[in-house]
Amino acid sequence: MDASRQPQFRFYPGAYADGGPMERSDALCDVCRLPCGWRYTGSVYSVAELKNLCARCLADGRTGAALNGADFGFHDIRLIGAAPEPARELMQRTPGVACFNPFVWPVLDGMPLAYIGPGDDPALLALPEVRAAIAAAFDEIGWDPEEQSPYALLFREVDSDRWRAVIDLD
Ligand SMILES: [Zn+2]
């Protein structure tokens, strides 16, 4: 497959993995009218409707053009303290993370962290930093700290190694 059809998302590097928000599809994209290659299956928060959106259009910010200028975003989150440009990239050029409830997306030094995966992924749980981040997140909501949980969402700095977890209860 042509690599340009599969742009990388630095705030959601695993977006194309199984269980993620992108699926292979040759449906025609509503924006560019070309076969999607990779089609976005997650939510689009907007008053306007969008049926098929390809990874290219999602990544390069052309989505807004297809919504007739209506405001839109791919995330049902609160983003506090992020610089304007990375905030726009996350909200409007990064696939949404499936969640039960709106949550506060972790930000460090003005930069949103990258969503890496759920808190019951054995490969991630092998890292002590990950287990510590999950325990800290439970502690923050006043629960007994657990070191793994399917309700934890795991985040890591884009170009560094600080981890944070968010607890998303159903
Ligand atoms: Zn497209």
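The lining of the second largest pocket takes at least three residues from domain 1 (1–105) and at least three from domain 2 (113–170), the domain bounds coming from an automatic or database domain assignment. Strand 6 (103–105), helix 5 (128–140) and strand 11 (163–167) are the elements that each contribute two or more residues to this lining, and strand 11 supplies the largest share, 5 residues; helices (H or I, at least four residues) and strands (E, at least two) are DSSP runs numbered from the N terminus. The structure is a predicted model, in which local features need pLDDT of at least 70 and side-chain atom pairs count only at pLDDT 80 or more, whereas totals for chains, interfaces and linings use all residues. Residues are numbered from 1 along each chain as its sequence is written, and side-chain values use heavy atoms, with hydrogens and water left out.

The volume of the second largest pocket is about 310 Å³, and of its 18 lining residues Val104, Ala137, Glu140, Ala165 and Val166 lie nearest its centre. A pocket is here an open set of points on a 1 Å grid over the protein atoms alone, where a 1.4 Å probe fits, with protein on both sides within 12 Å along at least five of seven lines, and lining residues have an atom within 4 Å of a point; a volume is the space filled by probe spheres set on the points, which are joined across faces, edges and corners. By class, this lining comprises 14 nonpolar, 1 polar and 3 charged residues, where Ala, Val, Leu, Ile, Met, Phe, Trp, Tyr, Cys and Pro count as nonpolar, Asp, Glu, Lys and Arg as charged, and the others, Gly among them, as polar.

The largest pocket, with a volume of about 400 Å³, is lined by 26 residues, of which Tyr12, Gly96, Val97, Ala98 and Tyr115 lie nearest its centre. Its lining divides into 14 nonpolar, 9 polar and 3 charged residues, and strand 9 (residues 114–118) gives the largest share, 4 residues.

The zinc ion has as protein donors (N, O and S atoms within 2.8 Å of the metal) the SG atoms of Cys29, Cys32, Cys54 and Cys57, at 2.3 to 2.4 Å. Because the 4 donor atoms subtend angles of 105 to 115° around the zinc ion, the arrangement is tetrahedral, a term that requires all angles among four donors to lie between 85 and 135 degrees. Cys29 lies in the loop between strand 1 (22–28) and strand 2 (35–40) and Cys54 in the loop between strand 3 (45–46) and helix 1 (55–60), so the pair ties together parts 25 residues apart in sequence. Both Cys29 and Cys54 are buried, that is, under 20% relative accessible area with a 1.4 Å probe and protein chains only.

Technical notes. Donors are N, O and S atoms within 2.8 Å of the metal (3.2 Å for Na, K and Ca); water is not among the atoms, so sites may look incomplete. Four donors count as tetrahedral if all angles lie between 85 and 135 degrees; four count as square planar and six as octahedral if opposite donors are over 155 degrees apart and all others between 65 and 115; anything else is irregular. Buried means under 20% relative accessible area, exposed over 50%, partly exposed in between (1.4 Å probe, protein chains only).
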